Amino acid sequence: MQLLKQFSREYSLFLAILTFIGISYFEPTLVQSTAGNLIGFSMLFVVIIYAAMSVAHHAEMLAEKFGEPYGTLILTMSAVIVEIVIIVIMMIHAHNPELARDTIYSAIMLDINGLLGIAAIIGGIKYGEQPYNVDSSNSYLSMLLTAIGVAMVLPAFIDPAYHMKFMLFNVVVFILLYIIFTRVQLKSHKYFFEYREEPTCEEGEICAEHSEINAWYHSANLVISIIVIGVLAEMLSVFMENTLDIFGLPMAIGAVGVAVISAAPELITAVRAAIDNRMQTVINIALGASLATVLLTIPAVIVVSYCLGLELNLSLTPVQTMMIALTLLVSMVNFNDGETNVLEGFLHFILFVVFVFLLFV
């Protein structure tokens with residue numbers, strides 16, 4: 001009875017179902033006009049963001065249940081699955097070989113410069129300086145440098161005839177990297193991703209104050225929300241492509257939209273963590289999500305493109321390469337002392353503003 005009462009408050013799920021029914025019925029009419037495409041795109045985008053907030057809620061509840069770093073791992077995995085689902089659906093519809101690259105690039109800019117920058121500014125204004133475990137930032141950044149360099153920079157220097165072989169090789173390497181890193185994060189070096197002043201539970205123990213959280217309920221709703229987002233994303237891809245064509249906008253804008261949807265749960269959780277003076281959680285979310293995006297999304301889109309015979313280009317443009325390089329260089333300088341402040345947050349936010357500006361240049 002209690003679970004039924006809880007489920008009755010899953011407003012985002014009910015709204016998503018109603019939106020799906022409504023858009024499905026009126027889709028043939030809406031796609032015929034500019035106004036109709038804008039209405040369809042706007043409605044679907046807002047509802048998907050609302051559903052993404054539900055993902056954030058259920059992931060947060062699981063995070064409270066199991067503690068760090070399991071909590072942020074659940075959240076980042078949920079966000080990356082949403083991202084993979086939307087990218088694959090839009091790749092099939094749009095046939096744009098750069099869509100996956102632009103989305104991954106946008107996600108990194110959003111996570112490190114947007115999300116982390118905003119959280120550090122908010123936390124810095126409230127607390128001055130916020131501590132975290134410097135071992136976590138060093139681990140994430142070294143992995144990001146390796147993964148981005150191998151998958152998105154190195155292909156520009158390889159003979160195009162060997163691109164597909166190299167990408168399939170990357171699938172194996174990246175899956176192996178993610179398995180090893182996850183083991184390090186959860187087992188052998190779990191303390192790297194915790195800040196010791198934060199109260200934690202012993203390994204394998206459930207905190208007493210969170211024992212009332214029903215893990216099965218929140219896990220089920222998390223999966224349902226991701227499925228709903230995938231279904232709505234397929235409809236969104238049609239309206240997004242039409243809207244971009246109507247206004248003559250580049251597909252890169254659509255890639256940013258995909259990144260915003262997938263990053264929405266993380267942004268909400270990161271801002272709450274910063275307000276609660278839990279910068280370690282913010283670091284784990286922002287850098288962990290960027291790493292998961294690279295190590296999991298890239299193999300997924302490579303496999304899909306290979307199986308479906310789709311063209312795929314993951315090589316960064318010169319401008320994207322410079323922005324990634326600046327972001328990682330500033331991150332290495334900022335995140336080497338175990339504390340964040342307003343200035344560090346502002347520097348990353350400025351890079352995010354530059355990223356947005358360059359979309360329209």
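**Note on the predicted model**

1. I21 is exposed, with a relative accessible area of 52% (exposed means over 50%, buried under 20%, partly exposed in between; 1.4 Å probe, protein chains only). I21 lies in helix 2. Helices are DSSP runs of H or I with at least four residues, strands are runs of E with at least two, and both are numbered from the N terminus.

2. This is a predicted model: local features need pLDDT of at least 70, side-chain atom pairs count only at pLDDT 80 or more, and totals for chains, interfaces and linings use all residues. Residues are numbered from 1 along each chain as its sequence is written, and side-chain values use heavy atoms, without hydrogens or water.

3. I21 belongs to a nonpolar surface patch, whose members also include Y11, F14, Y50 and V223. Together the patch residues have about 970 Å² of accessible area (Shrake-Rupley method, 1.4 Å probe; for residues, only the protein chains shown count as cover). Helix 2 (11-30), helix 3 (34-66) and helix 8 (215-247) each give two or more residues. Helix 2 supplies the largest share, six residues.

4. N277 is not a glycine, yet its phi is positive, near 65 degrees. N277 sits in the loop between helix 9 (251-275) and helix 10 (279-308). N277 is partly exposed, at 32% relative accessible area.

5. Overall, the protein has 12 helices and two strands. Buried residues make up 53% of the 361 residues. The C-alpha trace spans about 60 × 60 × 40 Å along its principal axes.

Note on methods
Patches are made of residues with over 30% relative accessible area and no salt bridge: like charges are joined within 9 Å, nonpolar side chains (Val, Leu, Ile, Met, Phe, Trp, Tyr) within 5 Å. A salt bridge is a side-chain nitrogen of Lys or Arg within 4 Å of a carboxyl oxygen of Asp or Glu.
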